[in-house]
Amino acid sequence: MAPGSGGSGTGGREEAAPDGASGRDSPSRDAAAGTSDSEDCLVIMARATIYVGCTVPQLLRGAQSRIFPSDSALGVLRRSAFCYCTGSSTIKSKRKMDHLERTANNFRQEVITQAKVCGITNESETVKRLRLAIANKDFTFKAGQWVDFFIPGVSVVGGFSICSSPSLLKREGILELAVKYTVHPPAHWIHTECTLDSEVALRVGDLHGYQEGKGNRHKLGTVKLYYSAKTTSELLFKKNILGLMKAFPGKITCCFHVTQQRSQICEELQPHVTEGRISEKDLEKHVSNDTSWYICGPPPMIESISKLLANIGVPRNCVFFEKWW
């Protein structure tokens, strides 16, 4: 996404829908979502020129907890008995786990980097975009990865999807996060206490353990994005999405869905907005053997869209999502 509030996927043709903001504690390609009015949702479908097939990489296992030096404010990372994430299966938990517990067995870079807040903007009424200046030249990330977010004086570690591109980091030394307001301590701190020049620390993590050259070997053909939110004001990065549609006509298209719109929709968005949730009728016309589907949003929405796709004949191994919070 988005940047964002961040779905991932592969293969032949792609179909999917977007999430609103990073919230492991965030647009993508062809997508469908919209079962929860309380959250932004995304579904993406993507088609490749030549279908080669898609697989979900095995999750790395056996990652050890690391203890930082005693003078470090980062503290001790805790282990977890299992990894709370999946590519295409259903997971339910009996209690809420914190970010480090849920991702204890996931791949993480060794580098922990200091960062300084150099920009704070309101992406919507409930989402702030945070710009972070990274001084460490060894700090890198790949699209789709997240950061462990360490805040001095806050014992809880946050986990947020990166909503900016790796090229922005390489070009300007800047990384961006889009964080939705919640009472969870890291998100609450960003919305209520974070200021310009606030200092934090970051470490890159990945659900699947990214390895250079280990992609899914497919060529992207066309991308259709279905993006659902309560109102157009909650559609994050809509200007970026419209810009991509203009830059790649016929290759990237988007249908925005709004479920509680009361005000007039601006002229620029009107041709691309549909009132109501993403439906089976919206998605069934994209079903084919060379289409991959990427879903991003809150767990109830992921469950609902996954069932919808199964009902219209989409093979389970062609549906990809992250669900770990």
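## Stop 1

Start by selecting Arg108: at 10% relative accessibility, Arg108 is buried (buried means under 20% relative accessible area, exposed over 50%, partly exposed in between, with a 1.4 Å probe and protein chains only). Before you go further, know that this is a predicted model, where local features need pLDDT of at least 70 and side-chain atom pairs count only at pLDDT 80 or more, while totals for chains, interfaces and linings use all residues. Residues are numbered from 1 along each chain as its sequence is written, and side-chain values use heavy atoms, with hydrogens and water left out.

Arg108 and Asp148 form a salt bridge, with their closest N and O atoms 2.5 Å apart (a salt bridge is a side-chain nitrogen of Lys or Arg within 4 Å of a carboxyl oxygen of Asp or Glu). Arg108 sits in strand E3 (residues 107-108) and Asp148 in strand E6 (residues 146-150), so this pair ties together parts that are 40 residues apart in sequence. Helices (H or I, at least four residues) and strands (E, at least two) are DSSP runs, numbered from the N terminus. Asp148 is buried too, at 0% relative accessibility.

Keep Asp148 and select Arg203. Here is another salt bridge, with the closest N and O atoms of Asp148 and Arg203 3.0 Å apart. Asp148 is in E6 and Arg203 in strand E9 (residues 199-206), so the pair ties together parts that are 55 residues apart in sequence. Are Asp148 and Arg203 buried or exposed? Both are buried.

## Stop 1

Next, select Arg131 and Glu172, whose side chains meet in a salt bridge (3.7 Å, N to O). Arg131 belongs to strand E5 (residues 127-134) and Glu172 to helix H2 (residues 166-172), so the pair ties together parts that are 41 residues apart in sequence. Arg131 is partly exposed at 26%, and Glu172 is partly exposed at 44%.

## Stop 3

Select helix H3 (residues 185-192), where Pro186, Ala187, Trp189, Ile190 and His191 are buried. What covers the buried residues of H3? The cover includes E5, E6, strand E7 (158-161), strand E8 (174-180) and E9.

Jump to helix H6 (residues 299-311). Among the buried residues of H6 are Met301, Ile302 and Leu309. After H6 comes Gly313, with a positive phi near 90°.

## Stop 2: the nonpolar cores

Last stop! Select Leu225, Tyr227, Ile241, Cys254 and Phe256, which touch the most other members of the largest nonpolar core, a set of 24 residues. The elements giving two or more residues to this core are strand E2 (41-47), strand E10 (222-229), helix H4 (238-247), strand E11 (252-258) and strand E13 (291-296). E10 provides the largest share, four residues. Apart from this core lies another, of 23 residues, including Leu132, Phe149, Leu177 and Ile190. A nonpolar core is a set of buried Ala, Val, Leu, Ile, Met, Phe, Trp, Tyr and Cys residues joined through side-chain atoms within 4.5 Å.

Definitions and conventions: Contact = heavy atoms within 4.5 Å.
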